[in-house]
Amino acid sequence: MSSSQTTTTETADLDAVVEALRSHDRFLVTTHENPDGDALGSLLAATLALRQLGKDVYMYLAGHAPLPGEYTFMPLDELRRTLPERDERVLLAVDCANESRLGPDPEILHQSPFTIDIDHHHDNTRFGDVNLIVADASSTAEVLRDVFVELGVELTPEIAEALYIALVTDTGRFQYANTSPKALRLAAELVESGADVHRVFQGVYENVQFAKLKLLARALERAQVYEGGALVVSFLLRNDFMEVGAAEPYSEGIIDYLRAVEGAIVSVLIREPPRSDGPTRRVSLRSSTDEVDVSAIARKSSGGGHRQAAGFSSEQSIDEITDFIRREYLAQVGPPGA
């Protein structure tokens with residue numbers, strides 16, 4: 001598809017989403033399980049924007065795991081972990097690549113008469129009745145900002161800060177390859193509108209729980225390199241979480257330390273969630289180059305994500321998962337020295 005065709009399609013999708021948001025009054029806004037900064041920031045920003053327009057909004061997140069500690073400073077007191085009973089609302093899903101990531105309860109889709117899907121994952125399954133998927137956007141926050149402009153939403157300090165949290169975390173503090181000129185211009189606009197850069201930095205990056213440091217130490221101790229140092233793999237066991245007193249979200253961000261290893265092209269963190277009501281193991285993958293598509297690896301295990309950041313769940317052993325990733329990595333790049 002040419003760039004002009006893409007632009008035409010995205011414009012039509014934007015118009016459809018804006019019309020759907022305008023024409024309905026009751027919404028259930030949600031994002032993916034185990035949320036990151038873009039998910040939570042987009043969730044909060046969308047909720048605040050719709051309420052500014054006079055809409056009735058129920059903010060929901062599936063699962064019972066606590067939010068990552070670095071986002072506890074966000075005003076998410078109204079976030080609900082249970083679905084409203086017999087309460088038909090339009091479903092607005094943000095930063096969610098497929099319906100399975102909305103949570104294990106299919107009722108969230110069944111009870112909604114209409115679904116709106118806003119995202120930036122290139123492998124989004126377009127599960128909504130209307131979809132706005134901008135694959136080259138830095139974050140879902142960037143996509144939402146365009147939606148807000150069309151809706152005439154005022155960029156209040158609260159909305160600006162929620163969008164800034166989403167933007168700064170998904171671009172790795174404006175250091176990842178997805179940091180575009182548009183993303184930087186958006187950052188400036190958000191700061192001008194009242195986003196507190198220092199408050200966000202302290203909340204997200206200088207608020208690390210001691211238990212998370214202990215968890216990080218275990219992951220670093222177990223790290224192994226393969227394929228001449230191009231592949232870095234580590235793992236966390238269920239007992240690790242219990243012994244250091246860490247909840248599952250404490251593992252968020254640990255993979256970035258593996259990604260920073262000299263010579264690493266792909267980094268992998270395999271973790272056993274401390275809860276028994278989900279998959280046995282979750283796998284996070286990061287690539288330091290666009291030439292290796294880790295989302296393609298993830299999709300072969302029913303996962304997904306971006307070319308440079310993806311993940312999947314598995315019932316296989318840590319060794320089996322490692323062998324699988326090594327095979328898929330080599331299938332993309334060939335053996336070392338080739």
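User: Where is Glu227 found?

Analyst: Glu227 sits in the loop between β6 and β7. By the way, this is a predicted model.

User: Where does Arg173 lie, and how do you know which accessibility class it belongs to?

Analyst: Arg173 is in the loop between α5 and α6. Its relative accessibility is 40%.

User: What about Tyr176: which loop is it in, and why does it get its accessibility label?

Analyst: Tyr176 is found in the loop between α5 (157-170) and α6 (181-192). With a relative accessible area of 26%, Tyr176 is partly exposed, because that class lies between 20% and 50%.

User: Which residues does Tyr176 touch?

Analyst: Leaving out residues up to four places away in sequence, Tyr176 touches Thr169, Asp170, Thr171, Asp256 and Arg259. As for Glu88, it is 88 residues from Tyr176 in sequence and 40 Å away in space, C-alpha to C-alpha. A contact needs heavy atoms within 4.5 Å.

User: What makes β2 and β5 edge strands?

Analyst: Start with the sheet: 5 strands, open, in the order β2-β1-β3-β4-β5, with parallel pairing. β2 (56-59) and β5 each have a single partner strand, so one side of each is left without a neighbour in the sheet. Direction ignored, neighbouring strands here are turned by 15° against each other on average.

User: How do you know that β1 and β2 count as a pair?

Analyst: Pairing requires at least two bridges between the strands. Strand β1 (residues 26-30) is joined to β2 by 4 bridges, so the two pair, and they run parallel. Arg26 has Asp56 in β2 as its bridge partner. On the helix side, α4 lies across β3 (90-94), β4 (115-119) and β5, at about 120° to β4.

User: What makes the pairing of β6 with β7 antiparallel or parallel, and how many bridges join them?

Analyst: β6 and β7 (residues 231-236) are joined by 3 bridges, and the strands run antiparallel. With at least two bridges needed for a pair, 3 is enough, so β6 and β7 pair. Gln224 stands opposite Val233 in β7. These strands belong to an open sheet of 6 strands, ordered β6-β7-β8-β9-β11-β10 with mixed pairing. Its edge strands are β6 (224-226) and β10 (304-305), each pairing on one side only. Helix α8 (residues 210-222) lies across β6, β7 and β8 (266-271), at about 135° to β7.

User: Now the whole chain. What radius of gyration does the protein have, and how does that fit a compact globule?

Analyst: A compact globule of 338 residues would have a radius of gyration near 20 Å, and the protein has 20 Å, so the value agrees. The C-alpha trace spans about 55 × 45 × 40 Å along its principal axes. Of the 338 residues, 55% count as buried. In total there are 12 helices and 11 strands.

User: And how much confidence does the predictor have in it?

Analyst: The average pLDDT is 92, and 96% of the residues score at least 70. Residues 1-5 fall below 50, and that stretch has 2 contacts in the model beyond near neighbours in sequence.

Conventions: Residues numbered from 1 in each chain as written. Predicted model: local features only at pLDDT ≥ 70, side-chain atom pairs only at ≥ 80, totals over all residues. Heavy atoms only, no water. pLDDT = per-residue confidence, 0-100. Axes fitted to C-alpha atoms, helices over the stretch in contact; angles between N-to-C directions. Buried < 20%, exposed > 50% of the residue type's maximum accessible area, 1.4 Å probe, protein only. Rg over C-alpha atoms; globule rule 2.2 N^0.38 Å.
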